[in-house]
Amino acid sequence: MKNPLDPFKFWKRNDSETSSTSAGQSAKPARAPAHASYQTSILKDFIAAVTRKENPVVLDLGPVIGSNIEFFLNLGIKVYMEDFLAAYSNPKYSILVDDKMTLNEQQFFSENFDYADQFFDGLICWDFLSYLEPKFARVFVERLSAKMKPDSLVLGFFRTQKTAGPAPLHKYRISSESFLEYIPLDRMMEIKKVYQTRDVTQLFTEFNSEVLSFEASGT
């Protein structure tokens with residue numbers, strides 16, 4: 001199986017370097033999820049940049065994994081964990097608008113992600129942005145950008161191909177600075193958008209990119 005974490009990079013706020021990525025457009029059937037461990041340099045690069053900051057604080061938007069919390073704490077990084085997709089999928093935030101179920105953004109943000117402005121040095125999105133309605137993804141990134149300090153960093157993955165139907169979700173367990181476990185969840189969601197480089201740039205308007213691509217192999 002091709003390593004789905006290679007290649008990818010992170011974003012640095014107010015940085016001057018940029019690079020480009022490409023993304024496939026064809027839809028493929030979702031495969032059965034796989035549990036595997038992959039080597040990657042990006043996490044080590046991200047951690048090295050964050051730990052250079054004084055008393056760094058990171059927000060992790062994936063499912064809560066105790067060993068990930070311990071990993072960051074051992075490096076002197078304070079970490080907050082918010083299971084974004086669990087909150088996003090909660091039926092209580094859905095309202096009917098023009099005969100279509102729509103996220104109640106006002107209620108969602110009043111009950112989630114209530115942090116002070118310029119609070120975080122780092123943000124880990126994993127791959128969840130690909131599963132959001134693009135309009136809401138922009139709103140969400142704008143809200144979180146206000147919580148990020150100047151010269152902060154963002155790490156995330158983007159799907160390079162759509163699947164025919166819902167795609168299996170995964171969580172990421174940090175084995176070491178160089179290895180991530182790619183663990184299937186008992187959930188599937190539709191990939192809402194395949195992001196081109198220009199889309200990522202427009203999404204993270206306050207960040208310059210050392211941008212990633214995410215090859216969704218094994219899903």
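View 1. Helices here are DSSP runs of H or I with at least four residues, strands are runs of E with at least two, and numbering goes from the N terminus. Aspartate 199 has a relative accessible area of 14%, so it counts as buried (under 20% is buried, over 50% exposed, and in between partly exposed, with a 1.4 Å probe and protein chains only). Beyond its neighbours within four places in sequence, aspartate 199 is in contact with Lys193 and Val194; contact means heavy atoms within 4.5 Å. Lysine 193 also sits over the face of tyrosine 195, 5.5 Å from the ring centre. For such a charge, NZ of Lys or CZ of Arg must be within 6 Å of the ring centre and within 35 degrees of the ring normal.

**View 2. The buried residues of helix 1 (residues 42–51).** Take a look at Ile42, Leu43, Phe46, Ile47, Ala49 and Val50, which are buried. Because they cover an arc of only 165° around the axis, they are on the same side of helix 1. The arc is that of the directions from the helix axis to the C-beta atoms.

**View 3. Leucine 129 and the largest nonpolar core.** A nonpolar core is a set of buried Ala, Val, Leu, Ile, Met, Phe, Trp, Tyr and Cys residues joined through side-chain atoms within 4.5 Å. The largest has 37 residues, and Leu61, Phe84, Leu129 and Phe140 touch the most other members. Helix 5 gives the most to this core, with five residues. Leaving out residues up to four places away in sequence, leucine 129 touches Ala137, Phe140, Val141, Phe158, Tyr195, Leu203 and Phe204. Apart from this core lies another, of 22 residues, including Phe71 and Tyr182.

**View 4. Two of the aromatic pairs.** The structure holds 24 aromatic pairs. Rings of Phe, Tyr and Trp (its six-membered ring) pair if their centres lie within 6.5 Å; planes under 30 degrees apart count as stacked, over 60 as edge-to-face and the rest as tilted. Phenylalanine 84 and phenylalanine 128 make a tilted pair, 4.4 Å centre to centre with 40° between the planes. Phenylalanine 84 is in helix 3 and phenylalanine 128 in the loop between strand 8 and helix 5, so this pair ties together parts 44 residues apart in sequence. Both of these phenylalanines are buried. The rings of phenylalanine 109 and phenylalanine 140 are stacked, because their centres are 6.3 Å apart and their planes at 20°. Arginine 143 lies over the face of phenylalanine 109, at 4.2 Å from the ring centre.

View 5. pLDDT is the predictor's confidence in each residue, from 0 to 100. The protein chain averages 80, and 79% of the residues score at least 70. Where pLDDT is low, the predicted coordinates should not be read in detail.

Methods. Residues are numbered from 1 along each chain as its sequence is written. Side-chain values use heavy atoms; hydrogens and water are left out.
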